[in-house]
Amino acid sequence: MALIDSATGKAIRDYSIEQLKDAANLMRGYDLVTLCAAGSGHAGGTLSIMDITAALYLHVAQLDPKNPNWADRDRILWSAGHKAPALYVGLGFAGFCDIDDVVTLRKLHSRFQGHPHWLKLPGVEVSSGSLGQGLSVAVGMALSARLDEKKHKIFCLMGDGEQQEGQVWEAAMEAGHFHLDNIIAVIDVNRLQIDGWVKDVMEVQPLDQKYAAFGWEVLHVDGHDMKQLVEAFDKAKTVVGKPVVILADTVKGKGVSFMENVAGWHGKPPNREELTASLKELGLTERIPVEMLLNKAKSYQAEMTRELEAKMPRFSRDFWWNAGDAMKVKMEPTRKGFGKSLAENGDDERIVCLGMDISGSITISDFYAGKPERKKRWISMGIAEQSATAAAVGFAREGKLPVIGSYATFSAARNLDQIRVSVCYGNFNVLIAGAHAGVSVGPDGATHQALEDLFAMTGMPNMSVVVPCDIVEARKATTHLLLKHVGPKYIRLAREATPIVTDEKTPFVFGKANVIRLRKDAPDFVDAFETCLADDYKNESEDLSIIACGPMVPEAMRAALILKRDYGYETRVLNMHTLKPIDAEAIIRAAHDTGVVVTAEEHQIGALAWRVSGLLTESKQLYGKPLITGAIGVKDRFGDSGAPWELVKELEVSAEHIAQKAVELMKVKKR
Ligand SMILES: Cc1ncc(C[n+]2csc(CCOP(=O)(O)OP(=O)(O)O)c2C)c(N)n1
């Protein structure tokens, strides 16, 4: 009995095995429609876990959709947060939300975030997205239930690649130690992860022997056989004195022939044609109102766009990228500059690159692409950021040049203590790439948007930090850090394509800012500007300065253009690509010469702003000088799902926001 009315204890609805099979099939269809409407998301792993989802939400777990926080409900934890669409469809079918609403998946302010957020959607137990944490939450919930003498079960859904996270085994040990027979873990053993087959990336088998050794009862099932699944869950509920793990053999992409067992479908949605073909294969063409759902997604998006635009600062005309002649730019993601440098310099035998199962998209795999002889220096570590970071130290201690990289949230947060003690305290020569940082990872949502990494990285003694402004600078910076700079070093990279505003001739000197000045009208945006090393720049007594790093440099340039065209203001833009060691002299001179300083960072306000203001308050040169400052950045909040450029607006880190702040400060200066 699954869905019950908690007030009366009566079943709301129960499903037979045949009905569960049919529901799972239909849920696959809804899953694919929502992914198609979102334009991003994880097809492979949501399809592999769908039979498990249907069994749990519609039959196995005791839930009351009208009373989602009912104290006696079973808890279902989605440790594998990227499988969120399956969870949402499960909640929709169980009656926690309207199934049609799930189609707003991954859109701005949607309750259906890229990774689940319990504060947005009833039925979600806890927020997740950083792999390997769910089983620990389950341990806490299970112990809490024991204290309260409650009988409910705690289900925890994980992937097999996820088993590579060390934390999973800490929790497995705890659950065994405490004999937590109220925990039922389910592993979706589809044998694939992002970089390929689990056995090749980092073998996790034999999972049965490993869990048994930690004191668990182990059950095996075919994860697509509904009868077996239901029987396994029934049996798991009867086990006394130890936790249970159900190892469910599944197929990634199950149900759609061209997605099955293909690693490439891990984080990809179907396009419209692929959706039609998928629904046909699933026999659902007539059963899902595809057009209605896609239209619903479109109108939701239109409403979000309208609300967002209404909040934007307005100027005399549209100064957005590529809106009209003077705004023409080419765009590429900075992460690709990192990959280019690794490809160019990878013959250096000292370089070793450590992969953490997200190698293609962050471009670290460019190191060995087309170069089989480098493969021996490519070390696949699996989804194990903490161990990989310390392993990099092992390489560095032996004189190698180790490079590690992942989403910045995982390569500069998940492993923070390893960075602090093993890398920084030991002052080891390790290059850490924080890719997909800032808002640029968009629809994945807050869990994946590193907006705090620069606090920690700039706060570490011995660490050097570079935030390149475009793909060209990213290549130069990587090469410098890799081959010339010895010590702990962090480079922050964006996922989304951002404007290219430098070229081969633009100076890049580690630790030295560049000054960028708007000089003329030009059809191409970059041609209107001139750049030189801050050391070489002669004061022009401009009206104000904007100090920016990373993708905020092009935004600062665009703000300079808005300020000139609409207000006649001259702006000194400082490209502060090196955040540590920071170019204090350039900052103090800009403040001294202009009297107005705006900082701009695609990060919680402070990594740049507070460093700059700290320097300004300390500077003897500025004693007695009038100085007005402002800071643009994220204002102590988490991000949200949405398109990257939508989030630039939503989180108020656009040129328009910089210009608005500058105008406000200029009014004060003129008083
Ligand atoms: C701590 C952490 N590191 C990296 C990621 C990025 N990531 C998302 S899904 C995934 C692969 C997961 O593989 P698996 O557990 O086998 O799931 P499935 O193949 O079933 O989707 C990775 C590395 C993450 N979400 N969390």
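This is a predicted model: local features need pLDDT of at least 70, side-chain atom pairs count only at pLDDT 80 or more; totals for chains, interfaces and linings use all residues.

## Ligand site

Residues are numbered from 1 along each chain as its sequence is written, and side-chain values use heavy atoms, leaving out hydrogens and water.

A polar backbone atom of G129 is 2.8 Å from a nitrogen atom of the ligand. An N or O atom in the side chain of D160 is 2.9 Å from a ligand oxygen atom. For L192, a backbone N or O atom lies 2.8 Å from an oxygen atom of the ligand. The ligand alone exposes 590 Å² (Shrake-Rupley method, 1.4 Å probe). The protein buries 99% of that.

## Nonpolar cores

A nonpolar core joins buried Ala, Val, Leu, Ile, Met, Phe, Trp, Tyr and Cys residues through side-chain atoms within 4.5 Å. Buried means under 20% relative accessible area, exposed over 50% (1.4 Å probe, protein chains only). The largest core has 75 residues; L56, L58 and F233 touch the most other members. Helix α1 (residues 17-38; helices are DSSP runs of H or I, at least four residues) gives the most, with twelve residues.

A second, separate core of 52 residues includes L108, F319, V553 and V598.

## Helix α21

Helix α21 (residues 609-618) has the buried residues A609, V612, L615 and L616. They fall within an arc of 135° (directions from the helix axis to the C-beta atoms), so they line one face of the helix. The face turned away from the buried side of α21 carries the exposed residues W610, T617 and E618.

Notes
Helices (H or I, at least four residues) and strands (E, at least two) are DSSP runs, numbered from the N terminus. A polar contact is a pair of N or O atoms within 3.5 Å; within protein, one must be able to donate a hydrogen and the other to accept it, and residues adjacent in sequence count only if both atoms are side-chain atoms.
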